[in-house]
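Work through the exercises below on the structure shown. Each task is followed by a stepwise solution.

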Amino acid sequence: MNYPIIQTATGTADRSRFFITLGAKNKKTGASELAVFSHVFGLDLEKIREDVSVTIGGHRYEPDLAYIDKENGVYVDIEIDEPYSSFHRPTHFITEDGTHKDQRRNKLFLSAGWHVCRFTEQQMFCQTKSCMKAVYELLLQVGAIEAIPAKLANAPALKFEPCWTAEKSKKRSYAHYRKSYLGYDPMTMDFSSCVRCSLLLIPIMFQATYSKRIRRMLFRQLRNSFKSYH
């Protein structure tokens, strides 16, 4: 199994099966995600949001990004899968029976009529345009749009990345794999990593001076960080 993982809902979206809340996202966002979001927002793509919470079957989820088209009933869950989380915990891995750890979540979204796109953190961080082109290729396939946006049309083909096992995830965490493409590893925030994070955030802060969308995103980040300390 390789990334990107693109799954198309078999039926139309059933609004009676899910509830969307905008602007109520509680998840804290790392510097790498903020950088990806700023790249995506810089493309000025319609109907792409990062502040979406979705309740399906009594469970609340917070997609990393989402394509929301209420008028035409088209919804896409866009996920950014990091290779490991804090304290060397494996995440988003392939289980022993060969299925993806997030398969149950994916099926829940699919059953409600959502399409699902999963990319690795490296793909989204290094090939943002190519990832978003893959999303719009899905939208074109299901008839939600008539053409790929011109700003994405010439993006190079997305490089495939193999899904990882729990063992591979742990090995990558101890080898500080995320540093190879982020320039820092969130698990080891030494001086050089702090400098790298600052460099990632500088252009985002500049964007915030003229982008209301970026200012709202940064405000939510500050709010959620404040909540975590109280």
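Rings of Phe, Tyr and Trp (its six-membered ring) pair if their centres lie within 6.5 Å; planes under 30 degrees apart count as stacked, over 60 as edge-to-face and the rest as tilted. The model is predicted, with pLDDT of at least 70 needed for local features and 80 or more for side-chain atom pairs, while totals for chains, interfaces and linings use all residues. Residues are numbered from 1 along each chain as its sequence is written, and side-chain values use heavy atoms, without hydrogens and water.

**Exercise 1.** Find which residues form one aromatic cluster, and classify the pair of phenylalanine 109 and tryptophan 114.

Solution.
1. The cluster consists of Phe18, Tyr61, Tyr75, Phe109 and Trp114.
2. Phenylalanine 109 and tryptophan 114 have ring centres 5.4 Å apart and planes at 90 degrees, an edge-to-face pair.
3. Phenylalanine 109 is buried (under 20% relative accessible area, where over 50% is exposed and in between partly exposed; 1.4 Å probe, protein chains only), with a value of 0%.
4. Tryptophan 114 is also buried, at 0%.

**Exercise 2.** Classify the pair of tyrosine 3 and tryptophan 164.

Solution.
1. The structure holds 10 aromatic pairs.
2. In one of them, tyrosine 3 and tryptophan 164 are stacked, with 5.3 Å between centres and 25 degrees between planes.
3. Tyrosine 3 is buried at 0% relative accessibility; tryptophan 164 is buried at 2%.

**Exercise 3.** Locate the charge over the ring of tyrosine 177.

Solution.
1. The criterion is NZ of Lys or CZ of Arg within 6 Å of the ring centre and within 35 degrees of the ring normal.
2. The charged end of arginine 172 sits over this ring, 4.2 Å from its centre.
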